[in-house]
Amino acid sequence: MRYFRQLLLLFLPLCLFSQDFSNQWTGHYSYFQVNDTYATENKVYVASENAVFIYDTDTRTSETFSTVNGLSGETITTIYHSLVYDITVIGYGNGLLELLIGDEVRTFVDIVEKPTIPPTQKRINHFFEYQDKLYIATAFGIVEFNLERIEFGDTFFVGPGGSQINITGTTVFGNSIYATSANNGILTADVNNSNLVDFNQWTTVITGGYNGITLFNDQVLIWENNNLVRRLEGTVLTTVVTVATNVVDASISSEGLIVVELDRVTLLDTTFQEVTSIRSTTEDSFLVNTAVSLNNNIYIGTESRGLLEIDLNNQNVKNSVSPEGPLLNFAFGLEALNDNLWVVFGQYDSNFNPFPLRQRGISKLTPNGWLNISKDDVLGATSLSHITINPNNENQVFISSLSSGLLEINDNVVTNLYNNLNSDFEAFFEDNPDFVFLNGSVFDNAGNLWINNSRVDDGLKRFTPGSTRTLNVDLSEIIPNPTRNLGFSDTVIDREGNLFFGGWDSGIIGYNPDTGNLIQLSGESEGSNLPSDYVLALEVDRNNQLWVGTFRGIRVLFNTSGVFQQSNPRASQIIILDDEGVPQELLFDQTITDIEVDGSNNKWVATASSGVFYFNPDGQETLAHFTKDNSPLPTNNIRDISIDNSTGSVYFATALGLLEFKGTATGPESNLENVVAFPNPVRPGFNGSVTIKGLTSRANVKITDIEGNLVYEEISEGGSIRWDTTAFGRHKVASGVYLILVTGEDQAETTVSKLLIVR
C-alpha cells in the first residue's frame, strides 16, 4: 500500500493554486517594458516584464496581475487568451506555465521540474490553440496542454533522432500541424496522428532558421532570421513582405497583418500592400517588442514606454495606456517620508563597481499616484543609488551617484549636479567628473548633509544645501590607502550627533563632529567582533543602539557614544535559542543588505538570499520571515527597505520589482489626539493582534475590562503597539468592552478609548 501511494503521488499533476496576498500587500510593478501582447474582441492582454495587465479598449481601464495576485514574478516571454475557455495563459523564460481563470491563478511547474531538460532550454516561446488543445512551443520541443481538462498532454521531441530543438512557433492548417525552429527548419505532421510523440511522424520540409509562424488569410506565413516574411506552400517558400530591418514579431487581426521591427510597426492588407507604418523618430523614439491591432487602433508594446495606443486615423498621437508605476522594476534605492516614496534604479556590484554606467530616471510615489522623472532630465548622472530627503524641507531631495556626484531635486525638478568641477566633492581620478563616488548620506539637526566620498583621503564630507563648499574629514589615519577601499555604503547619525559609516573592507568608522575624534571597528580576528569588515548596512534604533549588517552576519553597538572612549570597542552578537533550546547567533553568515527600524522599534532586516526578517526590538523574537515562497516577493535578494512612519507601510526594493507591505507600526505623534485601535470591534474568528496607534513616544498604555481589571500594559517604543487580546499572554480575554488608557511620558496628557471584543 505504501508503494502504491508513492506511485500515486508521482503521477499527480504538478498544479499549484496560488495565494492572493492583496489584503496586506501592494505590488508597485513597472508596466513600461512590454514583452508580448495578444488581442481579442475588446481587450488587449499584455505581458510586461514579470506582471500582466488586461486593457479594456471600451472602458479604457486596466486590470493588473502580479505576484500579489499569485503570479510567480519570473520573466514572462509570451501571453495568450482563449476565448472558448476564457483562460489567459502565461509562459515564462524558465518554463513555468500559469493560467488566469477568472481571478484565480494556477501555476504548473511540470516543465520547470523536468530533470531531462537543461534549465537553459525550458523557455516557452509561443502558444497556438486548436480544438481543445494548446500547443506550447518551447526551447526543447512542443508540449500539448488540454484547456478543457486543464492538464498537460504529450511532449513532442521533434529534432533529429528525437532530440530537443528550439521550436519558435506552431500553427495548424488543414490537417497539418506546422512548427518553426530556430535552427532546424520547418517541420510538419498530421495533426490527427495519435502518435506524434514519435519523431519519425514529423517531416522537415525546409531547412534553415525561423523565428515564428502564423496563419493569415488562409496562408501559412513564416518570418526568418532576417527582414523577410514568406508564404509556405508545400516545400516552397515565397517572399510576400520585405521590410527594412529584421522582423521581430508578426500578428494578425481584422485590420490585416502587422509586421514588427525594432523601430517600426507596419500594417499590411490581405494582398500584402502597406496600409500604414508607424516609426520611431529622434523626436519620438521607442523600441518595439510586439504589436497588435484592434478596433482601428494599433497597440505597440515597447521596451521602455509601455503599451502605446495609436488611432489609425490620427497617428500623430501616441498614448501610453500602461498602468501607472515606477519607470523600471530594477529598484535599487528607496526613501519614504510622509506618504511619499522616492525610488532610484542605479546599481553597483558587491565590489562597488558601477559599470556599465547606466543613465536612468527617478520615480516618486505620491498619494495621487506615480510621478516619473525621465533619464533625460537627470543632468547626465549615472548609477543613482542612495536617496536622502531634507527633513526640514521635504520638497528638497539629494540623490548620491556612485560615479557622478550629488544630484539635487527641488519641487520634483532636478536642479543641480554637484561633482568635482563645481563643488568640493572629489574624483579619485583628478579632473574627471565621471568618477565622483558618493553614496550613503544623512542630515544632522543643523540641516547639514553628511555624505561619504569613496576612494579619496577626505572620505567624509559635510555639505550645506545652497553651497558648493564642504567640510572635509580626513580619514587617512585609519584608511592610509583610500583607493584600496573600493567603496563606502551607509551613513547614519545617532542621538548625540555622532556619525557612523561602513564600507567594503573598512568595518565601521565613527566620527564625533564636536571633538573630531575618529574610531574604527575592524579586523575580523582583532577584537572588534565583526563577522566581516565588509559593512553594508547601518541603522540607529529608537534606543540609540547601532545595528550593523555585514557580509556575514549582524551585530549591535549598544552604546554608540561610549565607543569613542574605548580603546578597543567591540560589537555584540545577538544570541537566540533555536526550536530545541540551543543557543544560535542571529542571522549567522547571512549577507545583510539593509536594516530599518519601524515605529515600534522592531527591526526589518533585508538579506541577499533569504528574503526579509522582521524581529522584535531586541532581535529575540522573529515576528515574520518573508520569502519568495510565502509572500509576493519576486526574489529572495532584497536590495533596500524603507519604512513610512506616517502610515506604517514597509517598502522592499528588488531587481524584479517594488513591493509594499501594509505594516501597522507608525512613528510617535506629538500628542495623543489621534489615538485609535483597529480592528474595532474585534469580531468572532479574528486571530490577529489589535493595533493601537497615534501614541507619543514612551506612552504608557493600559487596557482594562469595564470593571477596571488590568489585562495588559506596555510602554510604547514608537507611535503604536500591538495587543494579542490576551490577559498578559495567559488566555484570550472574554467578549466585552475594554478601556484603553493612555498616558504620555511626562504624564501631562492622557486619553481614553474603547474597544469592543466579540468572541
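Q: Is E74 buried, partly exposed or exposed, and at what relative accessibility?

A: Let's start with the idea: buried means under 20% relative accessible area, exposed means over 50%, and partly exposed is in between, using a 1.4 Å probe and protein chains only. At 25% relative accessibility, E74 counts as partly exposed. Before we go on, please keep in mind that this is a predicted model, where local features need pLDDT of at least 70 and side-chain atom pairs count only at pLDDT 80 or more, while totals for chains, interfaces and linings use all residues. Residues are numbered from 1 along each chain as its sequence is written, and side-chain values use heavy atoms, with hydrogens and water left out.

Q: Which residue forms a salt bridge with E74?

A: Side chains of opposite charge can pair when their charged atoms come close. The rule here asks for a side-chain nitrogen of Lys or Arg within 4 Å of a carboxyl oxygen of Asp or Glu. The partner of E74 is K628, with the closest N and O atoms 3.4 Å apart. K628 sits in the loop between β55 (622-626) and β56 (640-643), and E74 in the loop between β6 (61-65) and β7 (76-82), so the pair ties together parts that are 554 residues apart in sequence. K628 counts as partly exposed, at 27% relative accessibility.

Q: How many salt bridges does this rule give?

A: The count comes to 19 salt bridges. One of them pairs D424 with R469, whose closest N and O atoms are 3.2 Å apart. This pair links distant parts of the chain: D424 is in the loop between β38 (413-418) and β39 (436-443), and R469 is in the loop between β41 (460-463) and β42 (470-473), 45 residues apart. D424 counts as buried at 17% relative accessibility, whereas R469 counts as exposed at 57%.

Q: Which residues do salt bridges with shared partners join into one network?

A: They are E261, D263 and R264. Within this group, E261 forms a salt bridge with R264, and their closest N and O atoms are 3.9 Å apart. E261 is buried at 1% relative accessibility, and R264 is buried with a relative accessible area of 13%.

Q: How should I read a sheet, and in what order do the strands from β11 to β14 stand?

A: Strands of a sheet pair through backbone hydrogen bonds, either parallel or antiparallel. Here strands are DSSP runs (E, at least two residues; helices are H or I, at least four), numbered from the N terminus, and two strands pair if DSSP finds at least two bridges between them. The 4 strands form an open sheet in the order β11-β12-β13-β14, with antiparallel pairing. β11 (124-130) and β14 (151-156) stand at the edges with a single partner strand each, so one side of each is left without a neighbour in the sheet. Strand β13 (residues 142-146) is joined to β14 by 4 bridges, and V143 has T155 in β14 as its bridge partner.

Q: What surrounds strand β21, and which strands pair with it?

A: In β21 (residues 228-233), 5 of the 6 residues are buried, so this strand is largely enclosed by the rest of the structure. Strand β20 (residues 220-224) runs antiparallel to β21, with 4 bridges between them, and a hairpin joins the two through 3 residues. β21 also pairs with strand β22 (residues 236-242) in the antiparallel sense, over 6 bridges. You can follow R230 across these strands: R230 is the bridge partner of I222 and stands opposite T239 in β22. The hairpin of β21 and β22 has 2 residues between the strands, and G234 takes a positive phi near 65°.

Q: Which residues lie nearest the centre of the second largest pocket?

A: They are D36, H126, W223, D249 and A250, out of 43 lining residues. About 1,100 Å³ of space lies in this pocket.

Methods
On a 1 Å grid over the protein atoms alone, a cavity is a set of points where a 1.4 Å probe fits but cannot get out, and a pocket is an open set with protein on both sides within 12 Å along at least five of seven lines; lining residues have an atom within 4 Å of a point. Grid points are joined across faces, edges and corners, and a volume is the space filled by probe spheres set on the points.
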